[in-house]
Amino acid sequence: MDVLTTLLGIAIVLVGLWDMYHSLLHPSGTGALGGRVQAGIWWISRRTGHRFGSAVGPGSMITVVVLWVLLQGVGWALVYLPHVPGGFTYSPGVDPADYPDVVGALYISLVTLATLGFGDVVATNPWIRLATPLEALTGFALLTAALTWFTQIYPPLSRRRSLALELKFLAEVDYADGIVEEHPVTAARVLDGLAAEVAKARIDFTQHGETYYFQEEDPDLSLAHHLPYALELRDRAVASPHPQVRRSARRLGLALEQLGLKLREDFVSAEETPEETFAAYAADHLRESSR
């Protein structure tokens, strides 16, 4: 039974580390557990009309970090449990008989994970003496991972908001209506720039999937609201008499199709066309389509 408890604890620790790795270091950018937690919180928020607004995204990330802490804390506690209290020495005034073994193991685990080092409980079992520094390193890695995760989401959010503003400004000047009459070099440059920004948005959704769950309170900054206008620009540019403009329009169209595919694979349920996908994206963020 003690062996099974230890093996279960090791398995829980490894699952938590695996989820951290996939969320922060793997190209997929989303852990299986963390991704499901964030999707579940988003679903609840969506059902309540996104009442919590922009707090949903950060709140879901905090919840995932708490999950990681619990996985490490409980996992290591199960590793220590078979050795509590015999495998530890206690400071004077601390009687392990006053606490259930499970509570004692969890206390040791959380103190070690937080690298507090109170010194009131010290391992004497050789294997446990080796395990406690490893858990302390895990706790340090967890703290570093959480801080890194929160700082690395802001560049993708800034790029997405910048693209939303660019599409908004183009819509306000009715750029799509006059793109056929626009100088071909200028029109191609605008379309190529948009295609590059759309491709970056697709990469950001791949590597930083958690940013999908950030609700923009300002509609001007919402890519979900303004993205459909890129489809209108593509459709109008395809009708241009200039080959370079049509070529740039096709490039923009490919970028939009790839972005739509990514949204369908990971975030929304929609038909295979970009039009349907972007409409579902806007509806999921409670934004009306700009098209």
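This is a predicted model: local features need pLDDT of at least 70, side-chain atom pairs count only at pLDDT 80 or more; totals for chains, interfaces and linings use all residues.
1. Beyond its neighbours within four places in sequence, Tyr-212 is in contact with Trp-42, Arg-160, Phe-205, Leu-263, Phe-267, Val-268, Tyr-281, Asp-284 and His-285. Tyr-212 also belongs to one aromatic cluster together with Trp-42, Phe-205, Tyr-213, Phe-267 and Tyr-281. The search of the whole structure returns 13 aromatic pairs.

2. Helix H11 spans residues 274-284, and its buried residues are Pro-274, Thr-277, Phe-278, Tyr-281, Ala-282 and Asp-284. Viewed down the axis of H11, these residues fall within an arc of 165 degrees, so they line one face of the helix. The cover over the buried residues of H11 includes helices H2 (32-47), H6 (154-172), H7 (184-207), H8 (223-226), H9 (228-238) and H10 (243-266). Two of the buried residues of H11, Tyr-281 and Asp-284, are among the contacts of Tyr-212. After H11 comes Leu-286, which has a positive phi, near 55 degrees.

3. The structure contains 11 salt bridges. In one of them, the side chains of Arg-159 and Asp-204 meet at 2.8 Å, N to O. Arg-159 lies in helix H6 and Asp-204 in helix H7, so this pair ties together parts that are 45 residues apart in sequence. Arg-159 is partly exposed at 33% relative accessibility, whereas Asp-204 is buried at 5%.

4. A salt bridge also joins Arg-161 and Glu-216, with the closest N and O atoms 2.7 Å apart. This pair links distant parts of the chain, since Arg-161 is in helix H6 and Glu-216 in the loop between H7 and H8, 55 residues apart. Arg-161 is partly exposed, with a relative accessible area of 26%, while Glu-216 counts as buried at 12%.

5. Within helix H10, Asp-266 and Lys-262 lie 4 residues apart, about one turn of the helix. They form a salt bridge whose closest N and O atoms are 2.5 Å apart. Asp-266 is partly exposed at 39% relative accessibility, and Lys-262 is buried at 11%.

6. A network of salt bridges is also present, linking Asp-177, Glu-232 and Arg-236.

Definitions and conventions:
Residues are numbered from 1 along each chain as its sequence is written. Side-chain values use heavy atoms; hydrogens and water are left out. Buried means under 20% relative accessible area, exposed over 50%, partly exposed in between (1.4 Å probe, protein chains only). The arc is that of the directions from the helix axis to the C-beta atoms. Contact means heavy atoms within 4.5 Å. Rings of Phe, Tyr and Trp (its six-membered ring) pair if their centres lie within 6.5 Å; planes under 30 degrees apart count as stacked, over 60 as edge-to-face and the rest as tilted. A salt bridge is a side-chain nitrogen of Lys or Arg within 4 Å of a carboxyl oxygen of Asp or Glu.
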